[in-house]
Amino acid sequence: MTRTQSITADKTDIIMLTAYVLLYPGIAGATSQQQQETICSNTSEPSIDASLTSPPDCVVDPTTKRWLRFQNLVDEWRHERGAMSSITEMATLRPYQNIIGMGEEAIPLILAELKSEGDEPDQWFWALGAITGANPVSPEDQGNFAKMAQAWFKWAEDEGHAG
Amino acid sequence: MPGSWPPYEFPHLNDDTCEVTSEASRRYNCVAWAAGENIRWWWPDPMGIGYWPPDVPRAVTVESFVAAYAALGYQLCYEGSLAAGLEKIAIFGKENQSGSVVPTHAALQLESGEWTSKLGPFEDIRHDTVDRVNGPVYGKLVCYMSRPRQ
């Protein structure tokens, strides 16, 4: 495994572990063996590493599955987007199109991602527009992503998407 | 590598050829930076996400980019050497699958004769020659434009 792969795997592990703790609040204080039995009772290899690296087969909650899929697509998209300046090109990359393909289920995930980005919102406006058909951004705010994010948060509140 | 961009995207950028001059930011891009601002992302996308100067066609074409900078007083010129009293920009592009050249990047010449570029969502940099940002993402130089230095 290269160093890059190792780092990616570590990050994935952290995301998966966080998801487990959110999904199973009592598990944070459990032993490794208990975690293994609770989460992956059908796993034949009683190793904590195995439980952390194969979560899609173990996690059954659809909300968590959607969230994990979304986060993976976000990571893939950012990697493929690289130093692109073209909004058009980055919005047509496969991971971004897959996020759009998630449909309305992606709206709360995108809004949460946008909120977590604070003063440096990323390019989620194309996806929000494509999924919802809405355009709450004033023409004078085009290109100002901080203001555009605020317009979408207001739209979400009005439409009942606020979390 | 001096910045946070993927090195394979810019094979000609290294510690000897460029210097990072800002933190990474998703607020603005190269087209805005070459136009002299750092608060908006300029792009003529059909969804109206990016800023584009009023009355300039929102089309991802070299012609539209030339028209956008013309709205700021730039005119096409033949070369990018440092000229007293002139401010120059360079527009980059690469061929798409149908053979058309699509714009990808813009850089601004500094008074020293060096160039400055914002690399997508990463940092902006000062690079010694205009072609240092050539590569798989931005393609290569398409044209120069100039205006009286402001």
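Select chain A and chain B together: the area buried between them is about 2,200 Å², with carbon and sulfur atoms giving 55% of this figure, where buried area means the accessible area (1.4 Å probe) that two parts lose on being put together, summed over both. Now pick out A:Ala83, A:Ser85 and A:Glu120, which supply 27% of the area that chain A buries against chain B, more than any other three residues. This is a predicted model, in which local features need pLDDT of at least 70 and side-chain atom pairs count only at pLDDT 80 or more, while totals for chains, interfaces and linings use all residues. Residues are numbered from 1 along each chain as its sequence is written, chains are lettered from A and ligands numbered from 1 in the order in which they are written, and side-chain values use heavy atoms, with hydrogens and water left out.

Next, display the side chains of A:Asp122 and B:Arg26, which meet in a salt bridge at 3.6 Å, N to O, a term for a side-chain nitrogen of Lys or Arg within 4 Å of a carboxyl oxygen of Asp or Glu. Between chain A and chain B the count is three salt bridges.

Along the sequence they follow the pattern β-α-α-β-β-β-β-β-β. The C-alpha atoms of chain B fill a box of roughly 40 × 35 × 30 Å, taken along the principal axes.

Notes:
Helix = DSSP H or I, 4+ residues; strand = E, 2+ residues; numbered from the N terminus.
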